[in-house]
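Have a look at the fold first, then read on.

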Amino acid sequence: MSISAQASPLAPSPNGGRQLTATLRREDAAEERAGLSPHDRISCPVHRRWLYQCVSSPAHAIRVTGHRWCRECDAAAAVAVDELTGAVVVTCSRCLRVPDSAANRQLLRACRASVVAARQARHHRQPWETRLAG
Ligand SMILES: [Zn+2]
Ligand SMILES: [Zn+2]
């Protein structure tokens with residue numbers, strides 16, 4: 001009865017904010033209803049972040065599917081992301097080569113797209129930017 005309206009439970013997330021939340025929701029729905037491959041997602045359903053922000057987590061090296069994985073070495077590959085240029089590189093932690101496979105190319109595509117989406121989300125949050133774009 002006497003709960004005041006002062007505390008909002010929906011504190012904005014430090015990175016991504018509303019755009020990230022909207023993307024997560026859209027991709028959750030697309031995965032569920034439209035059969036979107038989880039590997040084509042640019043927002044991570046596990047970590048609730050942009051993919052490139054958590055792709056280094058062990059959860060993203062998937063031996064079964066070959067994502068972030070070097071088949072030749074049977075080892076996890078590392079991902080380096082340059083947020084400024086949008087460059088994403090996958091390198092095997094053992095042979096230091098780029099494990100070129102359909103799965104790793106798919107991972108690269110999704111990572112690059114997530115860098116672009118996050119950059120756009122940052123722009124969206126600047127009111128003066130939006131005014132200028134009109
Ligand atoms: Zn993740
Ligand atoms: Zn290797």
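## What packs on the first helix

Part of what covers the buried residues of α1 is α3 (102-124). This is a predicted model, where local features need pLDDT of at least 70, side-chain atom pairs count only at pLDDT 80 or more, and totals for chains, interfaces and linings use all residues. Residues are numbered from 1 along each chain as its sequence is written, while chains are lettered from A and ligands numbered from 1 in the order in which they are written.

Which residues of α1 are buried? They are Leu20, Leu24 and Glu27. Down the axis of α1 these fall within an arc of 75°, so they line one face of the helix; the arc is taken over the directions from the helix axis to the C-beta atoms. Buried means 20 or more other C-beta atoms within 10 Å of the residue's own, exposed means 12 or fewer, partly exposed is in between, and the C-beta atoms are placed from the backbone. Facing away from the buried side of α1 are the exposed residues Arg18, Arg25, Ala29, Glu32, Arg33 and Ala34.

As for length, α1 (residues 17-34) has 18 residues and spans 25 Å from first C-alpha to last, close to the expected 26 Å, which is 1.5 Å times one less than the number of residues. Just past α1, glycine 35 has a positive phi of about 70°.

## The sheet

Along the sequence the protein chain reads α-α-β-β-β-α-α, with helices (H or I, at least four residues) and strands (E, at least two) taken as DSSP runs numbered from the N terminus. The three strands make an open antiparallel sheet in the order β1-β2-β3. β1 and β3 (87-92) are at the edges with a single partner strand each, so one side of each has no neighbour in the sheet. Pairing needs at least two DSSP bridges, and β1 and β2 have two; tryptophan 69 has alanine 76 in β2 as its bridge partner. Lying across β2 and β3 is α3, at about 150° to β3.

The predictor's per-residue confidence, pLDDT, runs from 0 to 100.

| Part of the protein chain | pLDDT |
|---|---|
| protein chain | mean 86 |
| helix α4 (residues 127-133), lowest | mean 50 |
| strand β1 (residues 69-70), highest | mean 98 |

In the protein chain, 81% of residues reach 70 or more. Over residues 2-13, pLDDT stays under 50. Where pLDDT is low, the predicted coordinates should not be read in detail.

Terms used. Contact = placed C-beta atoms within 7 Å. Axes fitted to C-alpha atoms, helices over the stretch in contact; angles between N-to-C directions.
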